[in-house]
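I opened a new notebook page for this structure. Below are my entries, in the order I looked things up.

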Amino acid sequence: MNRVIHPIEQESFRRLRARLDTSHLPPLTRAVVERVIHSAADLEYASDLVTDEDVLLRAHAALHAGAPVVVDVEMVAAGITRRATVCRLKDARSGPGLTRSAHAVRLAYEQVGPGALWVIGCAPTALEELLRLDADPALVIGLPVGFVGAAESKAALRESGLPAVSNVSEKGGSAVAAAALNALLYHPGPQAGQAAKSVQADQAATTDRAETAPPTAETTSAAKETS
C-alpha cells in the first residue's frame, strides 16, 4: 500500500532541501539523513550521522523481508508507524550491575534471536548490553541520547563492526531513532532484491569455501572425537 504524504511533510522536506543539499548522497543514506533531520529540525545531523550505503541496502532487504524490529523503549515503538515492534521493557527488572533497559535487551534477544533490526534511541545501557550479546543483527540503529554514556556507547558500536547507523555526538533520542527506521520502511525500490541476492551469493560463497577447504587440525580432531 502506497504511503500518503501529508502536504505539511512535503513542504517541510522542500524547505529542508532548500537549506541543505543532499542530492549527492546515495539513495538510502539520503533517506535516513533527511528523515532524521526532519524529525529533529536539526541540520547538524548531516555531519553527525555515521552510516554506510551497503549496510543500509542489506538492512532494507532484511526489513522488507519481514525481519523483526526491536526497540528499547515504547517511545521509539510509537514513532515507528508501519511495522509491529518488540519492546520488553515492561517485563524487565533491574539488578546488581544490570539496568532495566539492559535486561529488556536480553529478554528481547531471547524472543527474536539473530537477524533482527535493533532501534535504540533512549538508553546507552541498552546499546551496551546489545554489544555484549552475540546478536548477529541485520542492523543496529544506535542513537541513544544523554550526557552519560551516550557518545561512548555509540563509539563502541562503530568499533564493533556491526552493521549500524549511529552519530558521533551526545544527542539522539527516540524520535530520531524511529525516523531512521522509518526512512528504510518508507523507501521503495529494487534495492531490497539486489541486497537479498548479494546476501545469498555471500552465503553460497561461504558454504563453498567451507566445503572445499582442506581439513585443519581442529576439524581432524573433531572428526576423530565423533567417529
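I count a residue as exposed when its relative accessible area is over 50%, and as buried when that area is under 20%. The model I am reading is a predicted one.

**Entry 1: D136**

I started with D136. Its relative accessibility is 53%, so D136 counts as exposed. I found D136 in the loop between helix 7 and strand 4 (139-142). Then I checked the backbone. Phi of D136 is near 45°, a positive value in a residue other than glycine. I noted this because most residues other than glycine have a negative phi.

**Entry 2: A41**

I looked up A41 next. Phi of A41 is near 50°, which is again positive in a residue that is not glycine. A41 sits in the loop that runs between helix 2 (27-40) and helix 3 (45-48). Is A41 buried or exposed? At 70% relative accessibility, A41 is exposed.

**Entry 3: the cysteines**

I searched for disulfides, taking a pair of cysteine sulfur atoms within 2.5 Å as the test. The count came to zero. C87 is in no disulfide, and the nearest cysteine sulfur to it, in C122, is 9.9 Å away. I looked from the other side too. The closest cysteine sulfur to that of C122 is in C87, and 9.9 Å is too far for a bond. I also checked accessibility. C87 is buried, at 18%. C122 is partly exposed, with a relative accessible area of 35%.

**Entry 4: V112**

I moved on to V112, which lies in helix 6 (residues 100-112). V112 has 18% relative accessibility, so I put it down as buried. Which residues does V112 contact, leaving aside its neighbours within four places in sequence? I listed P68, V70, V86 and W118. I then took up V86. V86 and V112 are 26 residues apart along the chain, and their C-alpha atoms are separated by 8.4 Å.

**Entry 5: helix 6 and helix 7**

I stayed with helix 6 and looked at how it packs on helix 7 (residues 124-132). The angle is about 40°, and the axes are 7 Å apart. That angle makes helix 6 oblique to helix 7. The crossing of the two helices is right-handed. Which residues meet there? From helix 6 I wrote down S101, A102, V105 and R106. From helix 7 I wrote down T125, A126, E129 and L130. I sorted the residues of this contact by type: four are nonpolar, two polar and two charged.

Notes:
Residues are numbered from 1 along each chain as its sequence is written. This is a predicted model: local features need pLDDT of at least 70, side-chain atom pairs count only at pLDDT 80 or more; totals for chains, interfaces and linings use all residues. Side-chain values use heavy atoms; hydrogens and water are left out. Buried means under 20% relative accessible area, exposed over 50%, partly exposed in between (1.4 Å probe, protein chains only). Helices (H or I, at least four residues) and strands (E, at least two) are DSSP runs, numbered from the N terminus. Contact means heavy atoms within 4.5 Å. Axes are lines fitted to C-alpha atoms, for helices over the stretch in contact, and angles run from 0 to 180 degrees between N-to-C directions. Angles under 35 degrees count as roughly parallel, over 145 as roughly antiparallel, 65 to 115 as roughly perpendicular and the rest as oblique. A crossing is left-handed if the near helix is turned anticlockwise from the far one by less than a right angle, and right-handed if clockwise. Ala, Val, Leu, Ile, Met, Phe, Trp, Tyr, Cys and Pro count as nonpolar, Asp, Glu, Lys and Arg as charged, and the others, Gly among them, as polar.
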